[in-house]
Amino acid sequence: MVSLDERQIAAYAEHLKTSGTAKAFDFCAPSEGFLYPERHQPGVLETFFFSCSHQFGFWTLNSARWNKPMIARLDGRDLKGSDFMFRACTRAWQRNPRVFFPDTLATMGNAQLSDVFRDDDGANPLPMWAEHLALIHGYAQWFVSRNLEPADVLRRAAADSKPLYALLTVLAEVPGYAEDPLQKKAMLLAIVLENRPEHFLKVTDPESAVPIIDYHLQRSALRAGLVRVVDPTLRAKLEARQLLSAGEEFAIRSATYEAIAAIMAQAELSAAAVDWFFFQNRTRCPETSDPKCPECPVQAICAKETRLFQPVFRTTAY
Ligand code: SF4
């Protein structure tokens with residue numbers, strides 16, 4: 001259904017290596033105290049352990065077609081899904097620094113958990129709330145039943161000769177992280193812990209890093225021509241933003257994973273740096289309006305497949 005375009009992969013690797021535009025983000029400035037918790041405070045670690053596991057599903061479906069991104073007003077600002085999630089969690093943490101400790105989560109009822117995500121109109125706007133709720137219960141239970149805290153998981157990983165590998169291995173068992181064989185949210189948490197000002201995780205095994213494949217990155221890979229769509233039926237579905245089958249989604253996501261892994265290796269860049277480059281690309285190459293190709297830093301090498309769209313597929317992985 002799809003194939004990798006090695007020439008495009010090499011061109012992007014060269015661009016990222018030489019342009020200096022791929023740098024790791026610190027998940028703090030300039031949104032410290034709004035999207036992200038203030039540095040060096042109690043409960044920050046636990047807040048990110050929780051919030052990263054809920055980075056999924058921020059869009060709505062209408063008659064088997066992608067409808068629109070989730071945008072909701074919180075504390076006076078209209079926030080897209082990922083930003084909404086981070087702000088809602090930071091707000092809850094600012095009210096109670098222990099709110100995301102598993103033993104606290106385990107005592108909260110469903111209504112109380114839903115209140116964490118109330119927007120300025122009093123609604124919980126998360127399109128996949130039922131899935132979020134099930135994962136919160138599983139996550140709290142996993143830690144409480146083992147008498148563990150996120151800090152224990154981090155301490156054990158840090159003591160390992162391969163801290164990143166050890167962290168990803170444990171997260172592969174934790175509800176909220178365990179469901180995705182490509183470990184997108186687990187690797188997101190790892191780069192947050194590594195790059196936050198607190199440097200919670202000291203990575204001595206960068207070779208253990210895996211690509212972080214969400215829907216923005218898949219859209220970018222398709223439009224950039226890193227991943228070519230060979231099957232005309234699949235191409236038509238992507239252009240029409242129709243719901244895909246699990247097999248179609250897997251073909252695109254796994255090819256994107258391979259393409260980004262190849263870029264990381266050829267450009268000798270971290271997963272964090274490559275992820276931040278493509279995450280910023282979501283505003284230049286958006287979902288709801290025409291891409292701004294003339295202003296785009298990769299317009300000279302991009303395939304400009306602007307009609308292609310990310311897989312429309314319900315998952316808790318991204
Ligand atoms: S904005 Fe245009 S040039 Fe830039 S990534 Fe999107 S399709 Fe490519």
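## Basis of the description

Residues are numbered from 1 along each chain, in the order in which its sequence is written. Because the model is predicted, local features need pLDDT of at least 70 and side-chain atom pairs count only at pLDDT 80 or more, while totals for chains, interfaces and linings use all residues.

Strand β4 (residues 71-74) and strand β5 (residues 77-80) run antiparallel and are joined by four bridges; strands are DSSP runs of E with at least two residues, numbered from the N terminus, and two of them pair if DSSP finds at least two bridges between them. Opposite L74 stands R77 in β5. The hairpin has two residues between the strands, and D75 takes a positive phi near 50° there.

## Helix α8 against helix α9

Helix α8 (residues 163-171) and helix α9 (residues 184-195) have axes that come within 10 Å and cross at roughly 140°. That angle makes α8 oblique to α9, where angles under 35 degrees count as roughly parallel, over 145 as roughly antiparallel, 65 to 115 as roughly perpendicular and the rest as oblique. Helices here are DSSP runs of H or I with at least four residues, and their axes are lines fitted to C-alpha atoms over the stretch in contact, with angles from 0 to 180 degrees between N-to-C directions.

On the α8 side the contact is made by L164, L167, L168 and L171, and on the α9 side by A186, M187, L189 and A190; two residues are in contact if their C-beta atoms, placed from the backbone, lie within 7 Å. By class, the residues of this contact are eight nonpolar, no polar and no charged, with Ala, Val, Leu, Ile, Met, Phe, Trp, Tyr, Cys and Pro counted as nonpolar, Asp, Glu, Lys and Arg as charged, and the others, Gly among them, as polar.

## Helix α9 against helix α13

The axes of α9 and helix α13 (residues 271-284) also come within 10 Å, and they cross at roughly 105°, which makes α9 roughly perpendicular to α13. From α9, M187, I191, E194 and N195 meet A271, A272 and D275 in α13. The residues of this contact comprise four nonpolar, one polar and two charged.

## Residue S114

S114 lies in helix α5 (residues 110-115). It counts as partly exposed because it has 16 C-beta neighbours inside 10 Å, the limits being 20 or more for buried and 12 or fewer for exposed, with partly exposed in between. Leaving aside neighbours within four places in sequence, S114 is in contact with N124 and W129.
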